[in-house]
Each structure stands twice: as C-alpha cells, then as structure tokens.
Number of protein chains: 2
Amino acid sequence: MCELLGMSANVPTDICFSFTGLMQRGGNTGPHKDGWGIVFYHGRGYREFKDPDPGAQSQVAQLVRKYPIKSDIVISHIRQANSGRVAIENTHPFSRELWGRHWSFAHNGQVKAVKKWPLKFYQPIGSTDSEHAFCWLLDQVRARYPKPPASRTELSRCIAGLCAQLQPLGVFNMLLTDSSYLFAYADTDLAWITRKAPFGQASLKDADLSIDFCEETTAGDVVTVVATRPLTTDEEWHQLRHGQMIVFQNGKAVKPRGELTGP
Amino acid sequence: MCELLGMSANVPTDICFSFTGLMQRGGNTGPHKDGWGIVFYHGRGYREFKDPDPGAQSQVAQLVRKYPIKSDIVISHIRQANSGRVAIENTHPFSRELWGRHWSFAHNGQVKAVKKWPLKFYQPIGSTDSEHAFCWLLDQVRARYPKPPASRTELSRCIAGLCAQLQPLGVFNMLLTDSSYLFAYADTDLAWITRKAPFGQASLKDADLSIDFCEETTAGDVVTVVATRPLTTDEEWHQLRHGQMIVFQNGKAVKPRGELTGP
C-alpha cells in the first residue's frame, strides 16, 4: 500500500508541515520506501518533484520540506511498490493534459485487472496498474466530454461513476485534480480535515513537530488536507466512507458527503 | 530570446557543469530572468524541475546544480519572456504523452502566428506561442502516425518537415525528445559538441569553473551537449546551419548534417 496526501486552499499555501509528516512514512515510521512524488499547482501551472529514493532520505524531499512552495492544490504520494518495478516512470502522481488543463492522479491500492481494459487516447509510460487506471479514467472523460462539461456537478458525477467502476477490481483510493478541483475518492482509507479560523495548534504523528497555524495564516484562509491516515494527533479528521467521493475547491468541500457515491 | 540546453549520453550522465553555466545566463551574465526549467530522462521515466524565479537566484536551481542527477537525455531552458506572462505554465520545457512516451520540448525564438493554427488533440495550458507550436507539432505527428512509425528516419523526416513549416513564422530553434532521441532544429542559433575519449579539460564561459572530464568519465562514455551558444571557451563547438536538424541518440549524432533539411 501507498500513502496519499492532498491539499486544496483558497490562498496559495505551503504544505511543508504535512509533507514532513508524510515523508517520515517513506522509510522511517512507514515502509513506503519505493519513491515519492508531489505536484504543486499555481493556477493552471504546476511544478512536479519526483524521486525513486525513499522519501525519508531524499535530497529532493529535503528541498521540498524546507522551501515553502505556496500553491492552490497539491497531490503527493509515497510508494510501496506492488505493481511495476521501482523506477521513476512508476512514481505517482501521473499526469496528462485534457482540455488544456494539466490533470494529476495518485492512487493507493491495487486494481491489476484494469491492465486488460483497452485504452484509446492516453497510453501508460510506466508499467503500473495505477497509471493504466488513470489513462482509462481520462479516456472515458474525454470520450464523453470532448469539451469540458457545463457544470461541476456533471463532471464530478462522471468521475465518481468511473471510480465506482474501478473500485471492484481491488482497492482504489485516489486523489485527482484538473488544476481547479481536487477529487478525493475513498475505497478503504482516506481522511480529511478543513482548517480555518479560529486556527489552533497541531502536532505531527510521525515526527516531533508542532505548528501553531495562527502564526502561519490570516483570518480568511481555508485549507483542506486529505491523507490516507490522519497526519496529526490533536485534530479531528473525517474519514471518507467506502465508495464516497468528495470534491474540494478553494479549500472547501463543494460536493458534500453522500452526494457522489457511484453512478 | 531564450537559451536552450540539451544533452544526450550513452550512459547516465549528470549535467551539473553545463547547467551551472546556463543558469548564470539566467539573471547574472545574461538577461534570461523570467524562469527556467529542466527535464531529466531515465529510460522512459522523467523528472522535471521548473521555477518562475531567475535561474541565478533559484533555490531549485541550486539543488539541481549540486545534486548530480544522472540521466540519458536532458532538455533545459531559461526564459526571457516575450510571449505569455512570467508564470509557471509558460515555463519550458513543455511536455505531452504520445504513444506511451513522454515528449518534452523547448523553444528559442518567436512564432506568434502559430497561435492561429488549429489544434485537435493537444491544447496549450499556458499562453505562449511556443507551447502552441509544440501542441501543433505533436498533433501533426499523431495524425500522421497513430502508432510509432517503423523507422527512426521516417520519424525524423516528419519532425524536420514540421519544423520547416514553423520556422518561416519567425525564429524557431528547438530541442525535442521522445525519451529515446534528441531532435535539435536550428533556425538562427544552436551549437553542439560531442565529448568522448580522450577526454580533456573545459572551462565555462559564464562562471569561473573548469572541469577535467577525465576524472568524471570512463573510456566508453559518449556525451553530446547542445546549446544556443557554446558554453565553454576551450572546446570546439559545431554550429547547426539555418534549417538544419540533427538527431542524437546515446550521445551520438545519428542523423548527420545535411540529411534533414526540410520536407
């Protein structure tokens, strides 16, 4: 299994604190030593960092921990290889362009049988079932919507339906973004928290590090963090239910629970 | 104008030396202060670093200079904005997937009228003429070859022909790779050098730094570097001619001069 981390914020926000916790699970407090990756969105633009080295030891991860890259949306992933060898082309997040938007995807779980599903527009570069699932998912969206659908609800329903088709193949927890929305779909494990005023303190589970968000934020900031397992000990995280998708935009859940549970 | 840097090598090789020279032109010895980017290929996989900050001051560029990422193919670019604002989505290299390969592209020059040319499969994410030209080029390759062509010569001829269509729009020097070949097309400025045994010394034009390649290489290494302008003072670089394309693979020119000058 792998670990996922996502963020959606209403003002460009750095993810140094959460990323520090996640990276500890990459070889120190967790067994996820087979590479890691992160993508930061700045409007329509993005910056991606990947490394096949364990997150806990990676020089690139050190840079990302220390250098506060402020962004609107983040997706990160640390890998424990189960399908596809340890190699940079098998490192999440995977990305493709659709409608002039840069889409990124990270997956936790296994859906091996998806590799038999035919693909049309998008082809995998590496050998993971995860990248194949992503290519299939975007293929389906593209075939149904050669141009972006008129409403967010329509797009969200389409994606939730596709996730519900993938999930019975095994285990399928995922984070997906089109640079505007963060789609979080849970099969077994995904938790989220929205931080907003009044801000409090938080302490990482996986490292001896606390933060006082009061000092790091302004009153109007709204930031949601999504992770495979809660990253902090002193905050209340919400678990996504099996088969549930939540859509976040500008730091908030815009598709509340219950609304997007399959086709 | 911008500056391009490319590398093709027969063994994974770091580009720290050349990159150090290039980054000096990003705000110190040159005016190219509007961001920079680099992509490293490891087989079919890739790692990309981008920064809208000037290369000479960028923290990410410092990491790339000091951390020897060994790779088979590199494309890098420092930008002096002329089309499209300074923003991460307008920072080269641009990339797309075709045939399950990750293609990267960087451009020096201006081809503004290309923005009127229709696109089908690939759409730009940012607002540069360069990304539009890249989308058009890959669109054409994809339309002509839904599957990879049988021979390298066929693919190379196709790409040289497309470059020859773009070049009359303005200035069009470019580096392009499909993770196996490095395609270098010159309009006004592009120079290259192949380093192999017996290796000698080289001194950077733009920084007080010399290197003895004997100490950094083994006898069988073959490495080609391509750049807008020669990066060293004590080596003999070859200028590409106007309208000429050279294709490099495993460090060597596989399509020699003269063979690929247009459709």
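**Figure 1. The β14–β15 end of the chain A sheet.** In this predicted model, strand β14 (residues 244–249) of chain A pairs with β15(A) through three bridges, and the two strands run antiparallel. Look for A:Q249, which sits opposite A:K252 in β15(A). Between β14 and β15 of chain A there is a loop, and that's where you'll find A:N250. A:N250 has a phi near 50°, a positive value even though the residue isn't glycine. For background, most residues other than glycine have a negative phi.

**Figure 2. Two helices of chain A side by side.** Here helix α1 (residues 16–24) of chain A packs with helix α2 (residues 59–66) of chain A; the angle is about 150° and the axes are 8 Å apart. Angles over 145 degrees count as roughly antiparallel, and α1(A) and α2(A) are therefore roughly antiparallel to each other. From α1(A), the contact uses A:C16, A:F19, A:T20 and A:M23, while α2(A) brings A:A61, A:V64 and A:R65. Sort the residues of this α1(A)–α2(A) contact by class and you get five nonpolar, one polar and one charged.

**Figure 3. A cis proline in each chain.** Most peptide bonds are trans. The one joining A:A197 and A:P198 is cis, though, with omega at about -5°. A:P198 is in the loop between β9 (191–196) and β10 (201–203) of chain A. Over in chain B, the bond from B:A197 to B:P198 is cis as well, with omega near -5°. B:P198 lies in the loop between β9 (191–196) and β10 (201–203) of chain B.

**Figure 4. The chain B sheet, seen from its β5 end.** Chain B has an open sheet of six strands too, ordered β5-β6-β7-β8-β14-β15 (chain B), and the pairing is antiparallel. β5 (94–98) and β15 (252–255) of chain B are the edge strands; each has a single partner strand, so one side of each is left without a neighbour in the sheet. From one strand to the next, the twist averages 25°. Zoom in on β5(B) and you'll see five bridges joining it to strand β6 (residues 101–108) of chain B, with the two running antiparallel. One pair to pick out is B:S95, whose bridge partner in β6(B) is B:S104. Helix α3 (residues 129–144) of chain B packs on the sheet, where it touches β5 and β6 of chain B, and its direction makes about 15° with that of β5(B).

**Figure 5. Where α3 meets α4 in chain B.** α3(B) also packs with helix α4 (residues 152–166) of chain B, at an angle of about 140° and with the axes 10 Å apart. That angle makes α3(B) oblique to α4(B), and the crossing is right-handed. B:A133, B:L137, B:Q140, B:V141 and B:R144 make the contact from α3(B), and B:C158, B:I159, B:L162 and B:L166 make it from α4(B). By class, the residues of this α3(B)–α4(B) contact are seven nonpolar, one polar and one charged.

**Figure 6. How the two chains meet.** The contact takes 26 residues from chain B and 26 residues from chain A. On the side of chain B that touches chain A, β3 (45–51), α2 (59–66), β5 and β6 of chain B each supply at least two residues. β3(B) gives the largest share of that side, five residues. By class, that side of chain B has ten nonpolar, eight polar and eight charged residues. 100% of the interface residues of chain B are also interface residues in chain A, so the copies meet through the same surface.

Note on methods
Residues numbered from 1 in each chain as written. Chains lettered and ligands numbered in written order. Predicted model: local features only at pLDDT ≥ 70, side-chain atom pairs only at ≥ 80, totals over all residues. Contact = placed C-beta atoms within 7 Å. Pairing = 2+ DSSP bridges. Helix = DSSP H or I, 4+ residues; strand = E, 2+ residues; numbered from the N terminus. Axes fitted to C-alpha atoms, helices over the stretch in contact; angles between N-to-C directions. Nonpolar A, V, L, I, M, F, W, Y, C, P; charged D, E, K, R; others polar. Parallel < 35°, antiparallel > 145°, perpendicular 65-115°, else oblique. Left-handed = near helix turned anticlockwise from the far one by under 90°.
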